[in-house]
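Please open the model in a viewer and keep a selection panel at hand.

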Amino acid sequence: MKKVVQKQKIEIRPPKMSDLDSLLAMINSLVEEKAMIIVQDKVTLEQEKNYLKGIIKSKNAIFLFLIIDGKVMGSAGITKYENIKSHIGEMGIIIKKEARGLGLGEKLFKKVMEEGIKKFKLRIVILDVFKGNKIAQNLYKKLGFQKAGLIKGGEKYYNQYVDNVMMAKYLK
Ligand SMILES: CC(C)(COP(=O)(O)OP(=O)(O)OC[C@H]1O[C@@H](n2cnc3c(N)ncnc32)[C@H](O)[C@@H]1OP(=O)(O)O)[C@@H](O)C(=O)NCCC(=O)NCCS
């Protein structure tokens, strides 16, 4: 594990509209590195503005940003399902490349998950992940998620159908 560079100001807090520029830079840097995430095309400022507005005012989701020296370096969120699935929340996380391997993703993920479980009274937290994304799967296993299924060709990764793994963490 790398050492955290000293004197950097690290915080985990809810998103603000003033995060827009560094949020856009983060998501587009993940697109550039072809990260195994849902977003695979560059995002415009306008699209990201709408996304940010949406997550700030959402009633059924909690998002927290990892901020290093004032810039968004990570984002994690949990979204509560509705009706017969309102006891389930779905998690997602991204960390900008230069901030990885420092234990910050784990910290951010745990914080969002804990807040979500408490606020939404969840019994199950789920997520899905590209089968090839072993790093993310390691993180999820470490935090108590277990494999709940696999959908062959369930996701597209740059025009190729690839398998995705469903994972669940049971709380009660
Ligand atoms: C997955 C991701 C969020 C992990 O964040 P991170 O801040 O680098 O992870 P951490 O430093 O907190 O490490 C936590 C655990 O993740 C796993 N992990 C992290 N980096 C790893 C690596 N290079 N190789 C193997 N496992 C790794 C380990 O289990 C690690 O625990 P350990 O240090 O006790 O071994 C980050 O790599 C990322 O954003 N990747 C690109 C986007 C993505 O794939 N998002 C998930 C989509 S489902």
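**First stop: a strand residue and its surroundings**

Select Met91, which lies in strand 4. The model is a predicted one. Met91 is buried, its relative accessible area being 6%. Now display the residues around Met91, leaving out those up to four places away in sequence: it touches Gly77, Ile78, Phe109, Val112, Met113, Val125, Ile126 and Leu127. For a distance across the fold, draw a line from Met91 to Phe63; the C-alpha atoms are 9.7 Å apart in space, and the two residues are 28 apart in sequence.

**Second stop: Phe109**

Phe109 belongs to helix 3. Is Phe109 buried or exposed? With a relative accessibility of 0%, Phe109 counts as buried. Beyond its neighbours within four places in sequence, Phe109 is in contact with Met91, Ile93, Leu127, Tyr140, Leu143 and Phe145. Of these contacts, Ile93 is 16 residues from Phe109 in sequence, with a C-alpha to C-alpha distance of 6.9 Å.

Which residues have the most contacts inside the largest nonpolar core? They are Met91, Phe109, Leu127, Tyr140 and Phe145, and the core itself has 29 residues. To see where the core is drawn from, colour the following elements, each of which supplies at least two of its residues: strand 2 (61-68), strand 3 (71-80), strand 4 (88-95), helix 3 (104-120), strand 5 (124-130), helix 4 (134-142) and strand 7 (160-170). Helix 3 provides the largest share, namely six residues. Another core, of 17 residues, lies apart from this one; select Leu23, Leu24, Val43 and Phe63, which are among its members.

Most residues other than glycine have a negative phi. Two exceptions may be inspected here.

Go to the loop between strand 2 and strand 3, where Asp69 lies. Phi of Asp69 is near 50°, a positive value in a residue other than glycine. Asp69 is partly exposed, at 48% relative accessible area.

Then select Asn159, in the loop between strand 6 (146-157) and strand 7. Here phi is near 70°, again positive in a residue that is not glycine. Asn159 counts as exposed, with a relative accessibility of 68%.

**Last stop: the whole chain**

Return to a cartoon view and colour by secondary structure. The chain contains four helices and seven strands, arranged along the sequence as β-α-α-β-β-β-α-β-α-β-β. The radius of gyration is 16 Å, close to the 16 Å that the globule rule gives for 172 residues, so the chain is as compact as a globular protein of that length. Its C-alpha trace spans about 40 × 40 × 35 Å along the principal axes.

Of the 172 residues, 41% count as buried. Among contacts with a separation of 6 or more, 63% join residues 24 or more positions apart.

Finally, switch to a surface. The chain exposes about 10300 Å², of which carbon and sulfur atoms supply 54%. Colour the charged side chains: 34 are positive and 18 negative, and the centres of the two sets lie 6 Å apart.

Methods: Residues numbered from 1 in each chain as written. Predicted model: local features only at pLDDT ≥ 70, side-chain atom pairs only at ≥ 80, totals over all residues. Heavy atoms only, no water. Rg over C-alpha atoms; globule rule 2.2 N^0.38 Å. Buried < 20%, exposed > 50% of the residue type's maximum accessible area, 1.4 Å probe, protein only. Contact = heavy atoms within 4.5 Å. Areas by Shrake-Rupley, 256 points an atom, 1.4 Å probe, with all protein chains shown as cover. Lys, Arg positive; Asp, Glu negative; His and termini not counted. Charge placed at Lys NZ, Arg CZ, Asp CG, Glu CD. Core = buried A, V, L, I, M, F, W, Y, C linked by side-chain atoms within 4.5 Å.
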